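Hi there,

Here is the structure I promised to pass on. Have a look at it first, and my notes on what turned up follow below.

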Amino acid sequence: MIGRSFRRSKVVEDVGAKGFDDFELRLGDVMRGERATLGKSLLDVQRELKIKAAYIAAIENADPTAFDTPGFIAGYVRSYARYLNMDPDWAFDTFCTESGFFTAHGMSADASSVKPSREERLSRPADKDIFAAPATPFVPAGEAMMSRVEPGAIGSVLVLIALVTGLGYGGWTVLQEVQKVQLAPVEQAPTVIADIDPLSGNATGAQAGVDVASFTPPTADALDRLYRPQALDTPVMVPRDGPIASLDPRLNGMLAPSIGSAPGEAPVIAGVQVVEENAPEVVLFAVRPTWIRVRSADGTIIFEKILDTGEEYVLPATQEPPVLRAGNSGSLYFKLNGQTYGPAGAGTSTAKNVALAADLLRESYTVADLDADPALAEVINVAQAQPDQ
């Protein structure tokens, strides 16, 4: 017997590729896309349109039940559509089609602005609550009581409590030690000599029950310590000499007049220096026309001029050395106590920030060579010949 097998024919479903316009595009998707293009959040729209963020989310979700007054829905939808640069009439018609909302007559019950009672609001399903819906991310989530407490803060508080407790205990201990009274025993305990009635002349120490023979008188050292005179707060000074004001320094000591000096003449003491030596004199002089500018340490211009051939400028004595800036520096030289140093630069270059201190100039420059610059030798010869004339 030959069996036959039957196979069910497979139903081939022709599923074509879907285009971008095959999917259902709702009003909320378009509005959220336009709002994302503008880079605005629900709170930004609320701040600019003066419309609650909950109402903006209800418009995007096509939920008219979130509005307290249905008569304002049309204005809210059109205002939000204009804000997004959309057609307000098309947006409102699409909102009515998707949500089933219709404009109520002014005298109908649907146009009433009476808010629902508390029982009606509480009995509203969770899917109708705008603040319970997941499409309202602007609503702040509730925070736990301990969410703001950081573990590091708890440790810091515990350390602070321990520190305050330790300081308090240390202060209390010091206070107890300060207020503690300690009694130190004396070298010899007091002894009752006699307990005798002064009116009874016949009474003796033995009759009173006191052992007089056992009494030991105090030692001389103990009495001396007991009656030792107290130290004075201010010592008493007895002058052995006369007052210092009566001494004449011209008659005593190193300033006393030498033998043979006239009375009243001030003594002359050799080898005593009371003031510092004079600072070395610094003189600027040019062998050819040279422009110079001398500034003080604080930036003030002390001297600025074009020195002619053989012209000199003597620097004033200042606490801080001045600074020199000179053009044609190869023609400018320095004279330190009659010794010539330089030149300040090479050729026609400009010398900048040259400290005009005698020791610094000696370190920075060498003694001028008269053979290297004939103009320098000529100026020095003329300067030396002028006093003779």
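Leaving aside its neighbours within four places in sequence, Phe95 is in contact (heavy atoms within 4.5 Å) with ten residues you can pick out in the viewer: Leu27, Ala58, Ile59, Ala62, Asp63, Pro64, Ile73, Val77, Gly100 and Phe101. Before you go on, please note that this is a predicted model, in which local features need pLDDT of at least 70 and side-chain atom pairs count only at pLDDT 80 or more, while totals for chains, interfaces and linings use all residues. Residues are numbered from 1 along each chain as its sequence is written, and side-chain values use heavy atoms, with hydrogens and water left out.

Phe95 also belongs to the largest nonpolar core, which has 27 residues; Phe95, Met31, Val77 and Tyr80 touch the most other members. Such a core is a set of buried Ala, Val, Leu, Ile, Met, Phe, Trp, Tyr and Cys residues joined through side-chain atoms within 4.5 Å. Buried means under 20% relative accessible area, exposed over 50%, and partly exposed in between (1.4 Å probe, protein chains only). Two or more residues come from each of α1 (27–38), α2 (42–49), α3 (53–60), α4 (73–83) and α5 (88–99); helices (H or I, at least four residues) and strands (E, at least two) are DSSP runs, numbered from the N terminus. Another core, of 22 residues, lies apart from it and includes Ala326 and Leu336.

In α4, the buried residues are Ile73, Ala74, Val77, Tyr80, Ala81 and Tyr83, and they pack against α1, α2, α3 and α5.

Now the rings. Tyr55 and Tyr76 are stacked, with 5.5 Å centre to centre and 25° between the planes. (Rings of Phe, Tyr and Trp, the last by its six-membered ring, pair if their centres lie within 6.5 Å; planes under 30 degrees apart count as stacked, over 60 as edge-to-face and the rest as tilted.) Tyr55 lies in helix α3 and Tyr76 in helix α4, so this pair ties together parts 21 residues apart in sequence. Tyr55 is buried, at 10% relative accessible area, whereas Tyr76 is partly exposed, at 22%.

A word on confidence: pLDDT, the predictor's confidence in each residue, runs from 0 to 100. The protein's mean is 74, and 64% of its residues reach 70 or more. Helix α7 (residues 151–179) is highest at a mean of 91, and helix α6 (residues 118–122) lowest at 61. Where pLDDT is low, the predicted coordinates should not be read in detail.

Best wishes
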